[in-house]
Amino acid sequence: MPIQQFVQDFFEASSGEPISNFHKHLRREIDHFFQAHKHGRQAEWDELIQSLPNIATTNIDLNHSHIRINGQETPDDLESLLKEFTPWRKGPFNFFGTIINTEWRSDWKWDRIQPHISDLSGRAVLDIGCGNGYHLWRMLGDGASFALGVDPTRLFLYQFHIAKHFMPEKPAYLLPLRSENLPRFKLFDTVFSLGVLYHRRSPIDHLTELFSFLRPGGELVLETLVVDGDARTILTPVDRYAKMANVWFLPSTSALEIWLDRAGFRNIRTVDINQTSVEEQRSTEWMTFHSLAEFLDPDNANLTAEGLPAPKRAILIAEKP
Ligand SMILES: C[S@@+](CC[C@H](N)C(=O)[O-])C[C@H]1O[C@@H](n2cnc3c(N)ncnc32)[C@H](O)[C@@H]1O
């Protein structure tokens, strides 16, 4: 079964819900996505994902660092199958005793976010640029009733569906789309954009999109790279930033608060600022490429390899009036 079939779970689960008004639009965009973006490993991954074992689950834990699934058996060859889907960047996971030690301790980001946001109990949440969906599972763990993620990276769609294979009844869904391709839902209670804004050439357009996904009174949770400075300080890298070619704008938190205000948000608060450590983002046996340590100046951990301020991330909360 090709991965295209997997995304049908979203349409089946949400038929009759208010979001079904947008099904036609979403189906069209997803069809276009798969036609426009062929992936060289799709046939191989489609076959591999079929060989995941069917194991009776005894316990699922979505409330601690590892997304942990226990079962009645411990499959022998799960680790080698999961390693066919490397690099694993966001996590960690523990599937039946196989621990996926991902590049990122994404649980640390959640620990910085979670104390500051509205209680997710019963809320419909949207996670833009959700990667493999690690935080979607944590949102369900904190009570969200429906967790939809969008992310255009094909590998992450497979990684998400590996987790979903073991917990099909959980109401988390991932659509292979960019936020630019989404309709103006105006219905989500909480919208998350974590680690996406700096990848956008037009950051205020991104904030305007996020605004349009929320219902009135809904909450935005925004996490992005920032620099120190006043309301006039915005860094645009001349070329690469921490060896990434797709980083466009790093504002100060004061400048970012102005952007949010101009996009229509109110009650805007910066609730956390954190310089990313080489313990939080690092190479592991599940992500063997270079990581943060190699992206920094070897003689000064406060500078990137290009001599720019090292990655510092802020979390901002805001409301749609
Ligand atoms: C730095 S990762 C952040 C992943 C996750 N949100 C987190 O904070 O751990 C950025 C993600 O955004 C996705 N992305 C990039 N541009 C996007 C866009 N325009 N719309 C939706 N997702 C996007 C990428 O595929 C990638 O998975």
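In strand β6, V150 is the bridge partner of I128, and the two strands involved, β5 and β6, pair in the parallel sense over five bridges; strands count as paired if DSSP finds at least two bridges between them. Helices (H or I, at least four residues) and strands (E, at least two) are DSSP runs, numbered from the N terminus. From β5 the chain crosses through α7 to β6 in a right-handed β-α-β crossover, meaning that, with the strands pointing away from the viewer, the path from the first strand over the helix to the second runs clockwise. The model is a predicted one, in which local features need pLDDT of at least 70 and side-chain atom pairs count only at pLDDT 80 or more, while totals for chains, interfaces and linings use all residues. Residues are numbered from 1 along each chain as its sequence is written.

Strand β6 is covered on both faces, with F146, L148 and V150 buried on one side and A147 and G149 buried on the other. Here a residue is buried if 20 or more other C-beta atoms, placed from the backbone, lie within 10 Å of its own, exposed if 12 or fewer, and partly exposed in between. Four bridges join β6 to β7 in parallel, with L174 in β7 as the bridge partner of G149.

Strand β8 (residues 188-194) is mostly covered, six of its seven residues being buried. Its F192 stands opposite D127 and has V221 as its bridge partner in β9. From β8 the chain passes through helix α9 (residues 203-213) to β9 in a right-handed crossover. Further along the sheet, β12 runs antiparallel to β15 (residues 312-319), joined by seven bridges.

Around the ligand there are 19 residues, of which G129, G131, R178, L194 and G195 come nearest; a residue is near if its C-beta atom, placed from the backbone, lies within 6 Å.
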